[in-house]
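Me: I'd like to learn how to read a model like this one, feature by feature. Could you walk me through it?

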Amino acid sequence: MTVMPADLSGIDVRAEIERLRKERNAVILAHYYQRPELQDIADFVGDSLELSRKAAETDAEVIAFCGVKFMAETAKILSPNKIVVLPDLEAGCSLEDSCPPEKFKAFREAHPDHIALTYINCSTEVKALSDIIVTSSSAETILQQIPADQKIIFGPDRHLGGYLSRKFGREMLLWPGVCIVHEAFSETELLKLKAQHPTAPIAAHPECPPHIVDHADYVGSTSGILQYAKTIPGDTLIVATEPHIIHQMQLAIPNKTFIGAPGADGNCNCNICPYMALNTMEKLYVALRDLEPRIEIEEQLRLDAKRSLDRMLEMASGTVGKGDLGTR
């Protein structure tokens with residue numbers, strides 16, 4: 001975890017971030033699930049993979065990734081010569097935690113006739129053990145290119161894998177991981193909310209369990225949900241994903257109302273990602289100042305992980321990152 005100075009009270013943190021951004025020749029990235037002030041100061045706001053690709057295209061020497069560890073690692077995989085820092089090294093992911101590399105390796109070895117389609121929400125080590133990485137926006141395009149008789153392992157998100165399996169009638173071996181944020185939505189509370197707003201459509205991320213997805217008018221990635229919000233005919237949308245995406249919706253479409261889908265307690269507070277919440281403006285300042293915590297990946301491991309990412313980009317270059325990137 002980032003070690004914070006004892007006192008930052010005399011520092012204009014935002015001004016210092018702006019100074020260090022120029023001094024370090026840094027690009028600041030923020031995922032849609034970051035707190036609003038981090039989104040507002042970022043050079044680019046978007047989904048994890050497209051942020052990494054965008055950063056790789058810049059001449060920045062430093063990438064400050066306001067997201068979680070696997071996202072910063074993906075940036076390092078694609079930009080090995082750039083310094084990549086993460087404001088808080090403890091910003092992990094429940095999906096990554098659910099899929100330890102040694103167990104995934106053993107699972108693959110037990111099913112040698114299966115290829116592994118692996119959701120990008122995983123460690124670098126698991127990426128290196130995979131055949132093709134997918135994102136929530138590219139998974140459908142990639143799955144449709146795989147021969148019907150090819151057996152597939154899908155991990156680590158069983159809800160995303162199950163959604164794809166149901167939609168395409170494709171049997172897959174599903175790794176039993178879940179996202180704790182999307183798992184927390186309550187069907188009972190969602191139906192109560194829908195009764196209060198009967199004309200409001202529901203947009204859900206495919207990491208949600210079936211009892212939430214089945215009520216959705218639209219199912220898609222965070223970027224897809226943002227685009228869908230711009231097209232709805234009415235003035236209200238119920239959003240079943242991490243609620244910080246609503247900040248970008250409000251910026252893009254200020255005349256519409258966006259309501260976070262509730263958890264079991266009737267509000268969306270329990271659906272705020274605790275890992276994403278670890279990053280703060282103060283920690284971003286310290287990361288840019290000290291160039292720590294820094295992401296480092298052994299070169300052979302990086303190349304092995306990049307291979308599965310490259311396969312995804314070859315198969316789904318037209319869908320990855322489509323419409324999911326905002327600039328300052």
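Reply: Happy to, starting with burial in helix α15. In α15, the residues M281, K283, L284, Y285, V286, A287 and L288 are buried, where buried means under 20% relative accessible area, exposed means over 50%, and partly exposed lies in between, with a 1.4 Å probe and protein chains only. Helices (H or I, at least four residues) and strands (E, at least two) are DSSP runs, numbered from the N terminus. This is a predicted model, in which local features need pLDDT of at least 70, side-chain atom pairs count only at pLDDT 80 or more, and totals for chains, interfaces and linings use all residues. Residues are numbered from 1 along each chain as its sequence is written, and side-chain values use heavy atoms, with hydrogens and water left out.

Me: How should I read burial across a whole helix, and what covers the buried residues of α15?

Reply: An α-helix has 3.6 residues a turn, so residues three or four places apart point the same way. Here, 7 of the 10 residues of α15 (residues 281–290) are buried, so this helix is largely enclosed by the rest of the structure. Its buried residues are covered by elements including α1, β1 (26–31), α2 (36–41), β3 (62–66) and β4 (83–85).

Me: Which residues does L8 contact, leaving aside its neighbours within four places in sequence?

Reply: With those neighbours left out, L8 is in contact with E282 and Y285; contact means heavy atoms within 4.5 Å. L8 sits in the segment before α1 (13–23), and its relative accessibility of 14% makes it buried. Between L8 and E282 there are 274 residues in sequence, yet their C-alpha atoms are 7.9 Å apart in space.

Me: Let's turn to strands. How many residues of β5 are buried?

Reply: In a regular strand the side chains alternate between the two faces of the sheet. For β5 (residues 114–119), 6 of its 6 residues are buried, and the strand is mostly covered. H114, A116 and T118 are buried on one side, and I115, L117 and Y119 are buried on the other, which leaves both faces covered.

Me: And which strands does β5 pair with?

Reply: Strands of a sheet pair through backbone hydrogen bonds, either parallel or antiparallel. The rule used here is that two strands pair if DSSP finds at least two bridges between them. β5 pairs with β7 (residues 151–155) in the parallel sense over 5 bridges, and H114 stands opposite K151 in β7. β5 is also joined to β6 (residues 132–134) by 3 bridges, again running parallel; there, T118 has I133 as its bridge partner.

Me: In what order do the strands of the open sheet run?

Reply: Four strands form that sheet, in the order β10-β9-β11-β12, with parallel pairing. At its edges are β10 (218–219) and β12 (257–260), each pairing on one side only. β11 (residues 236–240) runs parallel to β12, joined by 4 bridges, and I238 has I259 in β12 as its bridge partner.

Me: How do I read aromatic pairs, and what is the count here?

Reply: Rings of Phe, Tyr and Trp (its six-membered ring) pair if their centres lie within 6.5 Å; planes under 30 degrees apart count as stacked, over 60 as edge-to-face and the rest as tilted. The count comes to 3 aromatic pairs by this rule. One of them is the edge-to-face pair of F104 and W175, at 5.8 Å centre to centre with 70 degrees between the planes. F104 lies in helix α6 (residues 101–110) and W175 in the loop between β8 (173–174) and α10 (180–183), so this pair ties together parts 71 residues apart in sequence. F104 is buried at 0% relative accessible area, and W175 is buried at 8%. F107 and W175 also form an edge-to-face pair, 5.4 Å centre to centre and 80 degrees between the planes. F107 is partly exposed, at 21%. Together, F104, F107 and W175 make one aromatic cluster.
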